[in-house]
Every structure is written in C-alpha cells, then in structure tokens.
Amino acid sequence: MKILVVGGGGREHTIVWKIAQSPLVEKIFCAPGNGGISQLAECVDISATDIDKMVRFAKDNSIDLVMVAPDDPLVLGMVDAMEKEGIRAFGPRANAAIIEGSKVFSKELMKKYNIPTAAYEVFSGSAAAIEYIKSKNSYPAVIKAEGLALGKGVIIAQNEAEAVSGIREIMDDKKFGESGNRVVIEEFLTGPEVSVLAFTDGKTVKPMVSAQDHKRAYDGDRGLNTGGMGTFSPSRLYDNDKAKECMDNIFLPTIRAMAAEGRPFKGVLYFGLMMTKSGVKVIEYNCRFGDPETQVVLPRLKTDLVRIMDAIIDERLDKIEIEWSDNAAVCVVMASGGYPVSYEKGFEITGIEDANAMDNVIVFHAGTKLSGGKFINAGGRVLGVTAVQDDLDKAIAKAYEAVAKISWKDEFHRNDIGIKKY
C-alpha cells in the first residue's frame, strides 16, 4: 500500500513510525511532515488544511489510504472530500468531527443523551457572559472558546478579574479568531484527569490503553497551558472498574448518540475524562489521536495499525483483536525557550542520534527541520522523547536519561513527567 499521512507534528511522526512497521506498506508520504518524519516518509510541501491540493496529490500518486491526523482538516471535511473522489480515508467525516469542532455541540449532545459532564451555559456575547460569571461568583470557573484553538482555548479563572479578562480576550479581542464567537462557561470539576483514546467504526468501540497528560508549562503544574509537555501510560488510577464505568456510561453512549444523530463517528475518538467524587465525567472530546498521548499509546500497540485502520474504514472493527503490551511508556516534551508564548527558531539540536541509540527509546520530532544535514528547532514543542519499560518508574528514569543527551540553545522541559501519583 501507498499511504499518505496528513500533518506534521509529534503525533504524526509517531503514526508514521507505527505505520512503517506494517508489512502491508510499501511507501509512506507525509504532508507537510517535519525533519524527523523525513527519515521514514517522503515529505510533501502541502499545508494540512489545503483540502484541494491534498486530494489532488492523493489522486495523482494513486494513494491507497489517507490518514488524516489533525483536527483542523477533519473539521473542514478532508475525509468527505477524499471519499467523494473514491479515495479511502481514515478519520471522521465533518459532520462527526464537530464533536471537537464545536464545544457547544458536544455539551448539548452530552446533555441530551445523559452522558456525565460538567454543568454549563453558552454565550454569544461578552456582556452576557461577564454578567453571568459575576452573578455566579463561583471560582475557579472554566471558560472555553467554542471552536478549535490549538489545545489552548480553555481558561481556568481563579477570580472575577481573570474571568472578565479571559472572556474579553476570547470574545472581544478574538485571541482565537472565529473560534471565540461563542463561549461555554462550565462548573469547575475536581479530580485527577485521564485520557482514553478509542478506535471506533461507528458501531464498535475498542478503547486504547489509558494515558495522562501534563498541560502546564512548568514543574508542579505551574505556568501557562500548553499543547502538552509530556505524557505517561498507563494512568495509575484507571483500573478495570473505571474502564467498565466509562464503557457503560461514556464510550458506548457517545458512539450510539452520534449514530442516532445521523453523525456516525469513524476513526479515533479521544475522551478527556475527570474522575470526580460522583463518578467519571467527560471534560472534552477530540476527534483524533491526542498529542502527545499518541507518543505513549502507539508504542504499546502490538497489532498492526494499518489493519486496524482498514477495519474501521470497512466497519468491521468487531472482527479484529487489538493487542497491547503489558508495559509502560513515558514521553517528555522538549520545547523552545519561551513556549507557549514567543520563542526563537533555527538553533542546531545535538544528541538526537545518541538518544535514539538507547534501547527502547524513540525520539519523536514535533517542531524540527533538517538544514544542511542537521536538525534545527522550528516550533514551540520540538521533540517528544519516549521511553518504554516494564513499569512507569523505569520508563521515567529512562526517558530522562535520554533527554539529558539532547540539547539546543534555550531548550526547556519539565522534570516531573509521570510522577503524579493521583
């Protein structure tokens, strides 16, 4: 098979790395790709959201399967456009990707089908939103831009001043563009967070192994929210009882709800979950593999990913067995100094080969470019250093041993990835 992977971050490098292990695959293209991906696939200079060019490329190069990884092209309808031209594509159609594309849609879906989530209100003007938040006078308060915002469109306001300024940033200053035309204001839930990604063909749901993400920039969960500074798998808290609770109350009801709404979801559905005192609740849905959760989940997958994608496209997920390794993985994100606000690019990165030479370590590239045979930093999140070991403690130690081998000017990373015991 000839496969085209759409995207160019750490998640896509992990997907390309996994696909490359399949005996079914002859050639992999990735658009736009990055420096690390170029060592496994032919990178094509097409923006991930350029649907017309992507479809044309797939047709001209007789691509057998297109794997659309990021949220933007899914919400814009890239899978629909591929299918219209007779090209097999993996991922939800636009009418199902809305589960991530509109937080208002997802909250209303959960309310209608009794899927446990935080209480909420929706506002389309900043004055009404500010009036509501002042009248509630309950903090912390959660304020979310309705649309896609690179994983950064959520503000946890600790007081009235933060809440008012957050609403104005999103709605009046348009910090996230059109994504901030409406906001969802939610009750603040407390408890540990867990991410569970699931394969689904619209009827059958097969959850993957659990993971936990670290969103804040600095140690001890301090600093600004980021796209994710590291992950570990499995969660120490997500046991068989929790898995059954989630399957019965969240996973199956969500897939059935989407089908009942005429929006069957095929692809990978990401469940952002919070374990509250009154049970597990949904914080958010994503319509694709998470980043950097993918970097710890896929290295634990034993089954051929291409076979799974084929089964999902053909709606026969119930016919295949998906196996996982009984081990643990940790991913530490190495970022450019100043991320997630402003940062400098173009610094040479050293030590990647030394880290990759270690047993059970894979360095996934997120924001790198190859320049004159050398890797340089070209984004905020630059590398995801993943280690796979028998247990979490060993995986943490191994990941940081590998991180110590890599450096570039102003690089920073968290030093506490995976140590959360809650």
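Predicted model: local features only at pLDDT ≥ 70, side-chain atom pairs only at ≥ 80, totals over all residues.
Let's start with the open sheet, where four antiparallel strands follow the order E6-E9-E7-E8. The edges belong to strand E6 (120-123) and strand E8 (154-157); each has a single partner strand, so one side of each has no neighbour in the sheet. From one strand to the next, the twist averages 20°.

Strand E7 (residues 141-145) pairs with E9 in the antiparallel sense over four bridges. Within that pairing, Val142 has Glu186 of E9 as its bridge partner. E7 also pairs with E8, again antiparallel and over four bridges, and here Lys144 stands opposite Val154 in E8.

Side chains in a regular strand alternate between the two faces of the sheet.

Helix H8 lies across E6, E7, E8 and E9, and it runs at about 165° to E8. The loop between helix H8 (160-172) and strand E9 (183-186) holds Ser179. Is Ser179 buried or exposed? With a relative accessibility of 14%, Ser179 falls under the 20% cut-off and therefore counts as buried. Leaving aside residues up to four places away in sequence, Ser179 touches Ala145, Glu146, Gly147 and Leu148.

Lys174 is found in the loop between H8 and E9 as well. Its phi is positive, about 55°, although Lys174 is not a glycine. Lys174 counts as partly exposed, because its relative accessibility is 32%.

## A pocket beside E8 and H8

The second largest pocket holds about 510 Å³ of space. Its lining has 18 residues, and those nearest the centre are Lys152, Val154, Ile155, Lys175 and Leu224. E8, H8 and strand E14 (222-225) are the elements that give two or more residues to this lining. Which of the elements gives the most? That is H8, with four residues. By class, the lining has nine nonpolar, four polar and five charged residues.

## The cavity

Across the whole structure, a search turns up one cavity of 30 Å³ or more. The largest cavity has a volume of about 50 Å³. Its lining includes Ile15, Met67, Leu74, Phe90, Pro92, Val268 and Arg288. Ten of the lining residues are nonpolar, one is polar and one is charged.

## A buried helix face

Helix H5 (residues 94-101) has these buried residues: Ala96, Ala97, Ile99, Glu100 and Gly101. What covers them includes helix H3 (71-76), helix H6 (103-112) and helix H9 (240-260), along with strand E16 (267-276) and strand E17 (279-286).

## Backbone details worth a look

The peptide bond from Tyr139 to Pro140 is cis, with omega near 0°. Pro140 sits in the loop between helix H7 (126-136) and E7. Another cis peptide bond joins Asp291 and Pro292, with omega about 20°; Pro292 lies in the loop between E17 and helix H10 (294-297).

Finally, Asp410 has a positive phi of about 70°, although it is not a glycine. Asp410 is placed in the segment after helix H13 (392-403), and it counts as partly exposed because its relative accessibility is 43%.

Notes. Residues numbered from 1 in each chain as written. Heavy atoms only, no water. Buried < 20%, exposed > 50% of the residue type's maximum accessible area, 1.4 Å probe, protein only. Contact = heavy atoms within 4.5 Å. Pairing = 2+ DSSP bridges. Axes fitted to C-alpha atoms, helices over the stretch in contact; angles between N-to-C directions. 1 Å grid on protein atoms, 1.4 Å probe; cavity = no way out; pocket = protein on both sides within 12 Å on 5 of 7 lines; lining within 4 Å. Points joined across faces, edges and corners; volume = space filled by probe spheres on them. Nonpolar A, V, L, I, M, F, W, Y, C, P; charged D, E, K, R; others polar.
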